[in-house]
Each structure stands twice: as C-alpha cells, then as structure tokens.
Amino acid sequence: MASQGTVSAVHAEDIAFAKALHGKEVKSGLISNLRSKNADVHNVATGAYLDMWKKAETETKDDEDKRLNEYTTLVNSYYNLATDFYEYGWGGSFHFCRYYIGEEFFRAIARHEHYLAANIGIKKGMKVLDVGCGVGGPAREIAHFTGAHITGLNNNAYQIQRAFHYAAKEGLQDQTNFIKGNFMELPFEEASYDAVYAIEATCHAPTFEGVYGEIFRVLKPGGAFGCYEWCMTDDFDESIPHHHEIAHGIEKGNGIPKMRPTRECLQALKNVGFEIEIHQDLANMGDTINWYYPLEGDLRKCQTARDYLTTLAMTKVGRLVTTNMCLALEKVGLVPKGTVETQKFLEVAADNLVAGARENLFTPMFFFVARKPMTA
C-alpha cells in the first residue's frame, strides 16, 4: 500500500490546522462537509484569506507583494474554504476543458486529461508527478488511462486527505501516492520522474521560473513536462483599469497571488532550461461550445441531461438558492460563519473568468509540452 506521503516538520502546523478545521473523517456532500467545520477555526481561515484583498482600484504594489511573499498562506486559506464548493459544483477534477457537440461534461473533463497524458507520452510503468494535484481527480484518471504510477503533490492537507480517500475507493492505492509539499521546493531528488504534468495549478506560484525550475530539476533528462496554464493573453493590458479589474477578480476569486501573461510563461520555461515542443491556447480554437459555458449558467448550451445538474448551480436561480441556503444554515449555526463569504468570492471568480474569456483577456488552458534536454 502507498504510504501517506512524506511530511516534513514545516508542514506539521498546516496539517494540524486542517484537522482542527475539517475534522479527521472524510465526509461527502456539501452540507455534511460544511457542518463538520470548526466554526472558530473556519472564521480564522476566512479572515486570513479576505484580509489579503482590497478593491482593485485601491490596491497598491505593497498589497500585491504581500500576497506573492505569503503565497502559501494565501493558497492554503483559499482551498481550505473553497474545496467543498469545488467538489459540489464541479466534481473531483478542478479544471476546465474544451467540449465537443453532444459531449457530456465529465466525459469532456476526462478527455482533456487524456489529451495531456497522450501529448506528454505517459505510458505504463512510468513514474509521473502531478504538481498541484487537488483532490486527485486527474491523477486517478491518468493512472487508469495509462497504467503509470502517479504521485500527486499538493500543499493543502485537506485535499491530500481526500485524494488518498478517493484513490482507495477506486482501487488505486498502489498506483498513486499523495504528498503534502510546496511546489517551489519539491521534496524529491534530482531526476526522480519520467514525466511531470500540472493542470491549472502552477498559476498559484509566486513566479513561473521558481516552480518550472523545480520541475526541471526533478525531471529525468529527456523527460517531458506538460501543462494547462492559467494566463492573461496578449490582448491584456494591465494599465487599462477594466483589464486590471478583471485580472484582480480572477486572482481574488481563485486564490492566485498574481496573474501573468503567456509570454512570461514561455520565457520562464526557456530560462530554466526547457525546450518547448508545443504551445497553444486551447481556449481560443474557435469551438462551437465555449469552455466557460457552465460558468455562464446558460442551460441552453448543455449537451446532455446530466450537464444540467452542473450548469444549474451557476444560473441566477441556482446561485440565489445556494447563497440563501448557506445564509439560512449560518443563521441557525449548522454551518460556520464565513460560508456565505466563500460563496460570494467564488461568484466573483466565475463572473471575472467569463468576462476575461469573452474579451479574450484570459485563458485557463494555455497548453504546452516542454522537454528537459538529454544533456541536462
């Protein structure tokens, strides 16, 4: 059986905080998970996150620098609050994808993961690292799809606990492992992995070069790193207030210290030594069905009956029901205070992701495959 990960002393406080907040047992369902929270600890987590943000028009460079310097607190606080809502609204794979006409939501999510694995060349018997693995949805899917052994790394103890739970339920406990760690300081030896991938996760890093450099270090010579990166496009101009407001909304709503343009992503890969084989914005392919349609809450764009369940939560009525339900449960003490605040900043995320996409300012799937030279 896979071990419960390698945990250094520096992560002990995070793990203790997660247990105090979420409890020791893994539960299912939004309400069950929210009811299990320690109210006082949840209030601390909510305050820690919201205190890092001001309105876009009043923020200073110092405010931005603080988030970059304290990115581990920022991201951990965010996912301590948002993970249950993510699973409720999106399932176990916390990422977007393209859709074919008639394609069911979860099938499209899985195909997006298969596409990444196929382009990297992941095969049975390979040792693969998933950087920023969430609750392990992509790791499980890629393990099933390829037969490779997948190690998921994540700095959020709550998500690691859930990743182990779900992997065991699918009989993947010997084909997966999950480790709590900081992707800016990967806890692995040089040249440890045959391949590495990241799905909408390394945007949380304070710098692309820092996280890409660590991935380069642990990748074997000749190995490939594939990624779906969150970036601002070439049309984005931070000096334009409206553009800045959208980027700030994406950052606040998704626990990201700083959004960066695609050119910085590519330059960072080159700077740390990668050879870029493929790069393409898959969000701008002229698809009939936009990647963000579930966030719009437009039921007319649902492809199958099952998709209505996912999209319904994002309609105006669905949002109102969720918010009022959380508000009512807060008032009677069945869920901790701060739950409604979490719902509100997740709505900020959705609104700004859609706005950024419609104006071609943002992409959640800047796709690339980069290789570590054999001589490195």
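This is a predicted model: local features need pLDDT of at least 70, side-chain atom pairs count only at pLDDT 80 or more; totals for chains, interfaces and linings use all residues.

Is Glu238 buried, partly exposed or exposed? Glu238 is partly exposed, its relative accessible area being 36%. Buried here means under 20% relative accessible area, exposed means over 50%, and partly exposed lies in between, with a 1.4 Å probe and protein chains only.

Residues are numbered from 1 along each chain as its sequence is written, and side-chain values use heavy atoms, with hydrogens and water left out.

Let me stay with Glu238. The side chain of Glu238 forms a salt bridge with that of Lys258, at 2.4 Å from N to O. By salt bridge I mean a side-chain nitrogen of Lys or Arg within 4 Å of a carboxyl oxygen of Asp or Glu. Glu238 sits in the loop between strand E5 (219-232) and H10, and Lys258 in the loop between H10 and H11, so this pair ties together parts that are 20 residues apart in sequence. Helices (H or I, at least four residues) and strands (E, at least two) are DSSP runs, numbered from the N terminus. Lys258, at 13% relative accessibility, counts as buried.

Lys258 also has a salt bridge to Glu64, at 3.1 Å from N to O. Here Lys258 lies between helix H10 (241-254) and helix H11 (262-272), and Glu64 belongs to helix H4 (residues 61-69), so the pair ties together parts that are 194 residues apart in sequence. Both Lys258 and Glu64 are buried. The count of salt bridges comes to 21.

Another of these joins Lys301 to Glu296, at 3.0 Å from N to O. Through shared partners, salt bridges link Glu296, Asp298, Arg300, Lys301 and Arg358 into one network. Within it, Lys301 is partly exposed at 29% relative accessibility, whereas Asp298 is buried at 14%.

Where is Asp298 found? Asp298 is in the loop between helix H12 (293-296) and helix H13 (307-312). Its side chain makes a polar contact with the side chain of Arg300 at 2.9 Å. A polar contact is a pair of N or O atoms within 3.5 Å; within protein, one must be able to donate a hydrogen and the other to accept it, and residues adjacent in sequence count only if both atoms are side-chain atoms.

Let us turn to the strands. Of the 5 residues in strand E1 (residues 127-131), 4 are buried. E1 runs parallel to strand E2 (residues 149-154), and 5 bridges join the two; strands pair if DSSP finds at least two bridges between them. Val128 has Ile150 as its bridge partner in E2. From E1 the chain passes through helix H7 (residues 137-146) to E2 in a right-handed β-α-β crossover, which means that, with the strands pointing away from the viewer, the path from the first strand over the helix to the second runs clockwise. E1 is also parallel to strand E4 (residues 193-199), with 3 bridges, and Asp130 stands opposite Tyr197 in E4.

Finally, how many disulfides does a search of the whole structure find? The search finds 0 disulfides, a disulfide being a pair of cysteine sulfur atoms within 2.5 Å. For Cys203, the nearest cysteine sulfur is that of Cys227, 8.5 Å away. Cys203 is buried, with a relative accessible area of 2%. Thank you for your attention.
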